[in-house]
Amino acid sequence: MRTISILNLKGGVAKTFTAVNMAYELMKRGYKVLLIDNDKQGNLSKAYGRYNADEVAPIAKLLCGDWRTATELIQATEYEGIDIIASNMSLFGATWNLTKTDDESQTERYKELIQHADWVRCGYDYCIIDNPPDIGLNVVNALAITDEVIVPMKIDEDALEGLDIVAEQIEDAKALNPSLKMRGVLVTVYQNTDGEAAGVEWLKQQADTEKYNILGVIRYSRKVAENSFMRKPIYEYSPCCGAAQDYKRFITEYTGKAR
């Protein structure tokens, strides 16, 4: 199983939207995917219809160690081949409480899931973790089980400067997970203006450093904003729009497998 963290310390760059559509495109290629909603806002859980504000979220139970079997935490979605560990605001309390402990396993709570005996029976090909725009203990726990980080980013000056900060955080996390690596950048909400074209060109010039490797470019589409009310993968809502086609192309290149 390959574990991918979607991470950027800046909000509004389509992290959750990327997680939603990566999972969908992987599923359409026959892969089995586990989603981990590691953000207290629970937007990934909402997108896949598994948000529940009234109970302690499965991700909070995982972070607290308040579980026995993986099946207590994992929920099926309406898409066969996509399961999820859902989130809500209870994750905030769980993260805060964990900071007040001296437990040596503070950064190994998610590892316990991966190492759990009944995990093997789940048979996932990919695990995608949607992270908030910060580095709390929940994110540190996510990076401890991550194989590679994908950084969605909009092309602007602040985003380009922030890439170095993300890369530094990933380097620091290698103390917990030496195999962790930054796979590259996914340019999102792209509009072909002179400024954004120049930003993409600058990234291409940095291609000798893996952290700036461009994995794909997702075009801006008004259909994406409309789809936020429908809570569907963009390909199901508007398969011909630029964003839907770009995510499809991105996953084909990422996996080497077309639909």
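**Pockets, salt bridges and a helix**

Analyst: In this predicted model, the largest pocket has a lining of 30 residues, with Ala 14, Lys 15, Thr 16, Phe 17 and Val 224 lying nearest its centre.

User: What volume does the largest pocket have, and which elements each supply at least two residues of its lining?

Analyst: The volume of the largest pocket is about 700 Å³. Helices H1 (15-28), H2 (43-47), H9 (222-227) and H11 (242-255), together with strands S7 (181-190) and S8 (214-219), each supply at least two lining residues. H1 gives the largest share, five residues.

User: How do the residues of that lining divide into nonpolar, polar and charged?

Analyst: The lining of the largest pocket has 13 nonpolar, eleven polar and six charged residues.

User: What makes up the lining of the second largest pocket?

Analyst: The second largest pocket holds about 180 Å³ of space. Its lining includes Asp 39, Lys 40, Phe 92, Trp 96, Pro 132 and Asn 138. Helix H4 (90-99) and helix H6 (137-143) each supply at least two of the lining residues, and the largest share, five residues, comes from H4. By class, the lining divides into five nonpolar, four polar and three charged residues.

User: Why does the pair Glu 148 and Arg 2 count as a salt bridge?

Analyst: The closest N and O atoms of Glu 148 and Arg 2 are 3.7 Å apart. The criterion is a side-chain nitrogen of Lys or Arg within 4 Å of a carboxyl oxygen of Asp or Glu, so the pair qualifies. Glu 148 lies in strand S6 (residues 148-153) and Arg 2 in strand S1 (residues 2-6), so this bridge links parts of the chain that are 146 residues apart. A search of the whole structure finds eight salt bridges.

User: What ties strand S6 to strand S7?

Analyst: The side chains of Glu 148 and Arg 183 meet in a salt bridge of 2.8 Å, N to O. Because Glu 148 is in S6 and Arg 183 in S7, the pair ties together parts 35 residues apart in sequence.

User: What makes Asp 246 and Arg 249 a salt bridge, and where do they lie?

Analyst: Their closest N and O atoms are 2.7 Å apart, and this value is within 4 Å, so the pair meets the criterion. Both residues lie in helix H11, three residues apart, which is about one turn of the helix. Asp 246, at 4% relative accessibility, is buried, whereas Arg 249, at 41%, is partly exposed. In a separate set of contacts, salt bridges with shared partners join Arg 2, Glu 148 and Arg 183 into one network.

User: Why are the buried residues of H8 placed on the same side?

Analyst: The buried residues are Glu 196, Gly 199, Val 200 and Leu 203. They cover an arc of only 95° around the axis, and therefore lie on the same side of H8. The face turned away from that buried side carries the exposed residues Asp 194, Lys 204 and Gln 205.

How values were computed
Residues numbered from 1 in each chain as written. Predicted model: local features only at pLDDT ≥ 70, side-chain atom pairs only at ≥ 80, totals over all residues. Heavy atoms only, no water. 1 Å grid on protein atoms, 1.4 Å probe; cavity = no way out; pocket = protein on both sides within 12 Å on 5 of 7 lines; lining within 4 Å. Points joined across faces, edges and corners; volume = space filled by probe spheres on them. Helix = DSSP H or I, 4+ residues; strand = E, 2+ residues; numbered from the N terminus. Nonpolar A, V, L, I, M, F, W, Y, C, P; charged D, E, K, R; others polar. Buried < 20%, exposed > 50% of the residue type's maximum accessible area, 1.4 Å probe, protein only. Arc of directions from axis to C-beta.
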